[in-house]
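Work through each task before reading its solution.

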Amino acid sequence: MSDSIVELATFPTPVEPAPRLAAAIGLGPDDLWIKRDDLTGLGGGGNKIRKLEWTVGAALAEGADTLVTTGAPQSNHARLTAAAAARAGLEAVLVLRGSPGASRSGNLALDGLFGARLAWAGDVDQTGLDAAAAEVCERLREGGARPALIPFGGSSTLGARGYVRCGEELRAQVPDLRTAVVALGSGGTAAGLVASLGSAAVLGVDVGALADPADAVVRFAAPLTSAALAPDRLRVRRDQVGAGYAALTEPVRGALRLAARTEGLVLDPTYTGRAMAGLIAAVRDGDVRPGERTVFVHTGGLPGLFGHTEAVAYAEEGATAYEG
Ligand SMILES: *Cc1c(COP(=O)(O)O)cnc(C)c1O
């Protein structure tokens, strides 16, 4: 496994108290803290930067000149791969599900700003998306380029090492941490946290990106820890997926507004909104309790809010007329 990492952000990210939000969801005012991994800096920030430090480091060590990765049109990972490529002096090709739509806002606008080339794969499943990416790599090689394929979501055992470091930061910043709550998408983020904090300390809230997210977490984390891991021993909530990855659920609407109005904290409709809705549900059913230290890992995603038509409309509805 490559040990060459490329520095893309400034660490450690801060941990901040959220007393008004804590009280609003039924915790004590000092129980809830936010790990601000939305403030990783590069390219608008977010959790994918920590993973990219490892995967782009490996790509550079192999002599790659082009990063290729896959994702949904509003993929934060694809956007940050494009930003990392720019920062490292590489080209980027993003292989995206679907077809070019009318709206190019949110992450897609930033992809364009970072100079990434887009390859639309059509309406395919993950296997089809991977096949499209393999074909793009083949064509790049035929053209004399040296592509490196970054896995879906940047998640692999190598990428997860970035979140081992986040876990180490958390241990130093919040020594009495009982539960770290985090959105669970492609699994690398939760895997790194599980490897460094232990599976009992990590509550993953599934966003519906994978058929079997707990399996993925164990697969990525196992080589990074001597602890025995089993998928059914992980704390994973699957009650926030709703109608699917792109859907704006009722609990997420509530979570977006609550975090914004109690702490000035912006969540996104796909990941951090679901993670917060999952935390609220966990307090309600007793999995997370008052008097214990809980950290909400804010993984970023703000551009995705602006790329989500329904979420933007919901946000706009919140402004009422001033009748002075
Ligand atoms: C990708 C992403 C996640 C999930 O991280 P994974 O490592 O894919 O599980 C959480 N939050 C945001 C904002 C993301 O973009």
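**Exercise 1.** State which domains supply the lining of the largest pocket, and describe that lining.

*Solution.* Step 1: domain 1 (15-45 + 157-317) and domain 2 (48-154) each contribute at least three residues to the lining of the largest pocket; the domain bounds come from an automatic or database domain assignment. The model is predicted: local features need pLDDT of at least 70, side-chain atom pairs count only at pLDDT 80 or more, and totals for chains, interfaces and linings use all residues. Residues are numbered from 1 along each chain as its sequence is written, and side-chain values use heavy atoms, with hydrogens and water left out.

Step 1: the volume of the largest pocket is about 720 Å³. A pocket is an open set of points on a 1 Å grid over the protein atoms alone, with protein on both sides within 12 Å along at least five of seven lines; a cavity is a set where a 1.4 Å probe fits but cannot get out, and lining residues have an atom within 4 Å of a point. Points are joined across faces, edges and corners, and a volume is the space filled by probe spheres set on them.

Step 2: 42 residues line the largest pocket, and Ala72, Gln74, Ser75, Tyr245 and Tyr271 lie nearest its centre. By class there are twelve nonpolar, 26 polar and four charged residues (nonpolar: Ala, Val, Leu, Ile, Met, Phe, Trp, Tyr, Cys and Pro; charged: Asp, Glu, Lys and Arg; polar: the others, Gly among them).

Step 3: elements that each supply at least two lining residues include helix 2 (48-61), strand 3 (66-71) and strand 7 (177-184). Helix 7 gives the most, three residues (helices are DSSP runs of H or I, at least four residues, and strands runs of E, at least two, numbered from the N terminus).

**Exercise 2.** How many cavities of 30 Å³ or more does a search of the whole structure find?

*Solution.* Step 1: the search finds two.

Step 1: the largest cavity has a volume of about 50 Å³. Its lining includes Leu184, Ala190, Val194 and Arg235, and helix 7, strand 8 (202-206) and strand 9 (235-237) each give two or more residues. The classes are seven nonpolar, two polar and one charged.

Step 2: the second largest cavity holds about 30 Å³. Lys48, Tyr271 and Thr299 are among its lining residues, which divide into one nonpolar, five polar and two charged.
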